[in-house]
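Open the model in your viewer and keep the selection tool ready. The stops below go one selection at a time.

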Amino acid sequence: LPRRSRTTWPATMYYFYILQSQIDLTYFYKGSTNDLRRRVTQHNNGEVASTKPRRPWKLVYYEAYISEKAARLRESAVKESGSVSTPLLKRIRDSLL
C-alpha cells in the first residue's frame with residue numbers, strides 16, 4: 001500500500017481581523033497580524049496610537065491566511081472598497097445582535 005503523505009502545517013499563520021470599540025459600538029478597526037492574541041492585547045493596552053482613544057476593544061471577526069501577503073491584501077480590500085466592507089460589516093453587526 002502507498003504511504004499517506006503527512007500534512008504539514010504552516011509554521012506561522014497570518015490574520016486579517018476586525019475589532020469593535022466597546023465605548024463606541026459603531027466603530028470598527030481593521031488590521032492584520034501574525035499573532036492575533038498579542039495584537040489584540042496591544043490594542044487594549046493602549047500600545048497602538050490609532051486605537052488608544054477608543055479602548056477597550058473586542059475581537060469580533062478574523063480570517064486566517066497562510067501568507068502575509070494574502071492577509072494584507074484582504075485588509076487593503078476591506079479598507080479601500082465599500083463594496084467589500086459594507087456587506088462584511090453588516091454581517092458582523094447582525095451577528096452581534
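Leaving aside its neighbours within four places in sequence, which residues is Lys 58 in contact with? Select Lys 58 and look: Ile 18, Leu 19, Gln 20 and Gln 22 are in contact with Lys 58, where contact means heavy atoms within 4.5 Å.

Before moving on, note that this is a predicted model, in which local features need pLDDT of at least 70, side-chain atom pairs count only at pLDDT 80 or more, and totals for chains, interfaces and linings use all residues. Residues are numbered from 1 along each chain as its sequence is written, and side-chain values use heavy atoms, with hydrogens and water left out.

**Stop 1: Lys 58**

Lys 58 lies in strand S3; helices (H or I, at least four residues) and strands (E, at least two) are DSSP runs, numbered from the N terminus. At 41% relative accessibility, Lys 58 counts as partly exposed. The scale used here calls a residue buried under 20% relative accessible area, exposed over 50% and partly exposed in between (1.4 Å probe, protein chains only).

**Stop 2: the aromatic pairs**

A search of the whole structure finds four aromatic pairs. Rings of Phe, Tyr and Trp (its six-membered ring) pair if their centres lie within 6.5 Å; planes under 30 degrees apart count as stacked, over 60 as edge-to-face and the rest as tilted.

Select Tyr 15 and Tyr 62, an edge-to-face pair with 6.0 Å centre to centre and 70 degrees between the planes. Tyr 15 lies in strand S1 (residues 14-21) and Tyr 62 in strand S3 (residues 57-65), so this pair ties together parts that are 47 residues apart in sequence. Tyr 15 is buried, with a relative accessible area of 18%, while Tyr 62 is partly exposed at 47%.

Next, select Tyr 17 and Tyr 29. This pair is tilted, at 6.3 Å centre to centre and 40 degrees between the planes. Tyr 17 is in strand S1 and Tyr 29 in strand S2 (residues 28-33), so the pair ties together parts that are twelve residues apart in sequence. Tyr 17 is buried at 1% relative accessible area, and Tyr 29 counts as buried at 14%.

Arg 54 lies over the face of Tyr 27, at 3.7 Å from the ring centre, and Lys 79 lies over the face of Tyr 29, at 5.8 Å from the ring centre. A charge sits over a ring if NZ of Lys or CZ of Arg is within 6 Å of the ring centre and within 35 degrees of the ring normal.

**Stop 3: the nonpolar cores**

Which residues make up the largest nonpolar core? Select Phe 16, Ile 18, Phe 28, Val 60, Tyr 61, Val 78, Leu 88, Leu 89 and Ile 92, nine residues. A nonpolar core is a set of buried Ala, Val, Leu, Ile, Met, Phe, Trp, Tyr and Cys residues joined through side-chain atoms within 4.5 Å. S1, S3 and helix H3 (82-95) each supply at least two residues of this core, and H3 gives the most, with three. A second, separate core of seven residues includes Tyr 17, Leu 19, Tyr 29 and Leu 36.

**Stop 4: the helices**

Select helix H2 (residues 68-80). Its buried residues are Ala 71, Glu 75 and Val 78. They cover an arc of only 70 degrees around the axis, which puts them on the same side of H2; the arc is that of the directions from the helix axis to the C-beta atoms. These buried residues pack against S1, S2, S3 and H3. The face turned away from the buried side of H2 carries the exposed residues Lys 69, Leu 73 and Glu 80.

Move to H3, where Ser 85, Leu 88, Leu 89 and Ile 92 are buried. Their arc is only 100 degrees around the axis, which puts them on the same side of H3. Ser 83, Thr 86 and Arg 91 are exposed on the other side of H3.

Finish with helix H1 (residues 36-44), in which Leu 36, Val 40, Gln 42 and His 43 are buried. What covers them includes S1, S2 and S3. Gly 46 follows H1, with a positive phi near 80 degrees.
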